[in-house]
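Take a walk through this structure, one feature after another. Keep the sequence and the 3D view side by side.

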Amino acid sequence: MISPYYSGYNVANQKGINFMTSELSFFQSIPPINSISEITNLDHYYDVPADWHIVLTDVKGSTKAIEQGRYRDVNSVAAASITALLNNVKGIDIPFVFGGDGATILIPPSIVPQAGEALLATQALARDQFNLELRVGIVPVREILASKLRIRVARLKVSNNFQQAIFTGGGLSYAEKLFKTTPEKYTPPPTDTPPQADFHGFECRWQEIPSTYDENLTLMVMSLVTGTVQNNDVYADVLAKIDQIYGNPATRHPIAVKNLHMALNPAKLKTEAKVRSQDTSWRTLRKMWINSLKAWYAMRFKVGRWGGYKQILVESTDHEKFDDTLRMVISGTVQQREQLRAYLEEQRKAGKLVYGMHTSSHALMTCVVFDYFGRQVHFVDGARGGYTLAAREMKMQLGDLEKQEE
């Protein structure tokens, strides 16, 4: 946190685009839906413009890094790639999804050169500060359309401060396949000078957050059914079953105000310092610690609007989303998880879907905050592996299917 009394929009990046155009207003002009249950209604989706591009980032070897206990580093690098791109369109909403060990961001053609440089800078950050390899690519939407697939986007109103992008059409999955098959085709060209990116807004100042109940379940579900209507029916049934077992999104929310505690140990601020300034000196950490202490005081003693900040934060989390795969972090009991797994296993054996689960006692939160009482998003993952390990189980199920078809 820059200061507990700062509430203005960050304008540090002079290379960003500050004007409003029709292409930049595309996403924020989409009428929002109010519930994750509405994602199966195709009337809410709009085709992404054909001249846009898909930015893909992925931490290579993320599973191994997580097994080494470096899950916070993996999350931070993925979130940093989103931060760098958002700082190129100041004040404008563009659609993106955080995947734990990577991200997907849709960008208009006017910022492709700046996006390429920002991605290369994030790649260098991952290598130099975290000893991680970040794969980055930019895939033209036209290539997806040429393959008879679509990328359609809806807008889920999570709060007044955050609108979650929801994707369907199969195009993003195909873009990821293209990127991983021929990465050299989509990697941004090298720059003549060291690439630069603006990571202001990135924050990582909260301790791991304990589950409200027994555990946090990180869940991924992907339909295998062909046909748009039938495919949507699979997700509608899954969401209805989750509602039945866990209750509504508020009841199953993995983050509770009472469980939010700031990390006040200066050593715990190194991750943020690595991203924001690539400087973990004592002087930098001390300055961050002082600002954190001020923020803690303001929240603890309800100075101005800061007494309600934790609630603002909770309302701006990305704990439920969809990008051709349903992704959720849910707080619940062991019995609820076993009941859900039994249902999903039944659907898997019927050939309708594949899924992945990971359980942990805590959630991990990485934040992008441009205005403490305005534009912000808080990325939620299950601690100690979350989405990355849930994806591993889902990929194993897909691999078993491929073997059966041989």
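A charge sits over a ring if NZ of Lys or CZ of Arg is within 6 Å of the ring centre and within 35 degrees of the ring normal. Arg155 lies over the face of Phe27, at 5.7 Å from the ring centre.

A word on the source. This is a predicted model, in which local features need pLDDT of at least 70 and side-chain atom pairs count only at pLDDT 80 or more, while totals for chains, interfaces and linings use all residues. Residues are numbered from 1 along each chain as its sequence is written, and side-chain values use heavy atoms, with hydrogens and water left out.

Next come ring pairs. Rings of Phe, Tyr and Trp (its six-membered ring) pair if their centres lie within 6.5 Å; planes under 30 degrees apart count as stacked, over 60 as edge-to-face and the rest as tilted. The count comes to 12 aromatic pairs. One of them joins Trp306 and Tyr309, tilted, at 5.1 Å centre to centre and 45° between the planes. Trp306 also pairs with Tyr372: the centres are 5.3 Å apart and the planes at 50°, so this pair is tilted. What does the pair tie together? Trp306 lies in the loop between α9 (282-300) and α10 (309-314), and Tyr372 in the loop between β14 (362-369) and β15 (376-382), so the pair ties together parts that are 66 residues apart in sequence. Helices (H or I, at least four residues) and strands (E, at least two) are DSSP runs, numbered from the N terminus. Elsewhere, Phe96, Phe98, Phe162 and Phe379 form one aromatic cluster.

Trp306 and Tyr309 are both buried. Trp306 has 4% relative accessibility. Tyr372, at 2%, also counts as buried.

Now the nonpolar cores. Such a core is a set of buried Ala, Val, Leu, Ile, Met, Phe, Trp, Tyr and Cys residues joined through side-chain atoms within 4.5 Å. The largest has 55 residues, of which Leu219, Tyr309, Leu326, Leu340 and Leu344 touch the most other members. Helix α7 (residues 228-246) gives the most to this core, with 7 residues. Apart from it lies another core, of 45 residues, among them Leu85 and Leu364.

Conventions. Buried < 20%, exposed > 50% of the residue type's maximum accessible area, 1.4 Å probe, protein only.
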